[in-house]
Amino acid sequence: QAGLVYDNENLLNTFTPLPSLAVIYSSNVNTNLRFNASRTVARPSFKEKSLAQIYDAVTGRTFIGNLDLEQTNITNVDVRWENFGDRGQMFSGSVFAKNFENPIEIVAYAPETPDNFQARNVASGQMLGAEIEFRKNINFLSSLNSLFTINTNLSYIHSSVRMNDEEYRSRVQEQRTGETLKRTRQMQGQSPYLINAGVNYTTKSGWQANLSYNVQG
């Protein structure tokens, strides 16, 4: 903005305690039940919390800074059961939940300028998810001098953000006939599922080969 000069201004100065709790119960030497709870934050970047206006000549888009941005406060809770076998084998399952206060998202600056974008706070957001992970040796395919291992990580995530009044009114204006509009939507950039899988072949002499697969929603 014209006429504004910032010289060593303090734009973000917050004291935020970040407590955490971790409890592990071992029913035997190979099995654990873990409970974790913590408080974390996500702070805006220097570009986001500024008066900068950055034009990208390749995309024709302009990023506009926002001095009113607040940091995101996040409450995390997860429970994980895990069992370990010999030669690196393991199986685990977990569920987790996150609550976001003032999550930061990138939105269009105004309806009349769809190529201008700005980081803004959304009122609140929640995330629930489950994860399964395992690593298993395929002994019937392996000789005494080599080893096949399969490993997989599967995650399902349900996220929800409560839209502010401005976004909700904008979506109501663009609502199609017969469309049902909720006050909540999926969190920006959050995949509903993640799949990682791989097969690893290792020889006794140290040679390795790996085939990997990854997909996200």
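The side chain of Glu105 makes a polar contact with the side chain of Arg185, at 2.5 Å. Keep in mind that you're looking at a predicted model.

- Glu105 is found in strand E7, which covers residues 104-110.
- Is Glu105 buried or exposed? Its relative accessibility is 3%, so it counts as buried, the cut-off for that being under 20%.
- Leaving aside residues up to four places away in sequence, Glu105 touches Gln118, Ala119, Arg120, Val122, Val161, Arg185, Met187 and Gln188.

**The sheet around E7**
- E7 belongs to an open sheet of four strands, ordered E3-E4-E8-E7, and the pairing is mixed.
- Which strands sit at the edges? They are E3 (53-56) and E7, and each of them pairs on one side only.
- From one strand to the next, the twist averages 25°.
- E7 runs antiparallel to strand E8 (residues 113-121), and six bridges join the two.
- Across that pairing, Val107 stands opposite Gln118 in E8; Gln118 is also one of the residues that Glu105 touches.

**Thr203 in E12**
- Thr203 lies in strand E12, which spans residues 193-203.
- With 17% relative accessibility, Thr203 counts as buried, because the cut-off is under 20%.
- Its side chain makes a polar contact with the side chain of Ser205, at 3.0 Å.

**Aromatic pairs**
- How many aromatic pairs does a search of the whole structure find? It turns up two.
- One of the pairs found is Phe148 with Tyr201, and it's tilted: the centres are 4.8 Å apart, with 45° between the planes.
- That pair links distant parts of the chain, since Phe148 is in strand E10 (residues 146-162) and Tyr201 is in strand E12, 53 residues apart.
- Phe148 has a relative accessible area of 24%, so it is partly exposed.
- Tyr201 counts as partly exposed too, at 29% relative accessibility.

**Charges over rings**
- Lys47 lies over the face of Phe63, 4.5 Å from the ring centre.
- Arg183 lies over the face of Tyr168, at 4.4 Å from the ring centre.

Methods
Residues are numbered from 1 along each chain as its sequence is written. This is a predicted model: local features need pLDDT of at least 70, side-chain atom pairs count only at pLDDT 80 or more; totals for chains, interfaces and linings use all residues. Side-chain values use heavy atoms; hydrogens and water are left out. Buried means under 20% relative accessible area, exposed over 50%, partly exposed in between (1.4 Å probe, protein chains only). A polar contact is a pair of N or O atoms within 3.5 Å; within protein, one must be able to donate a hydrogen and the other to accept it, and residues adjacent in sequence count only if both atoms are side-chain atoms. Contact means heavy atoms within 4.5 Å. Two strands pair if DSSP finds at least two bridges between them. Axes are lines fitted to C-alpha atoms, for helices over the stretch in contact, and angles run from 0 to 180 degrees between N-to-C directions. Rings of Phe, Tyr and Trp (its six-membered ring) pair if their centres lie within 6.5 Å; planes under 30 degrees apart count as stacked, over 60 as edge-to-face and the rest as tilted. A charge sits over a ring if NZ of Lys or CZ of Arg is within 6 Å of the ring centre and within 35 degrees of the ring normal.
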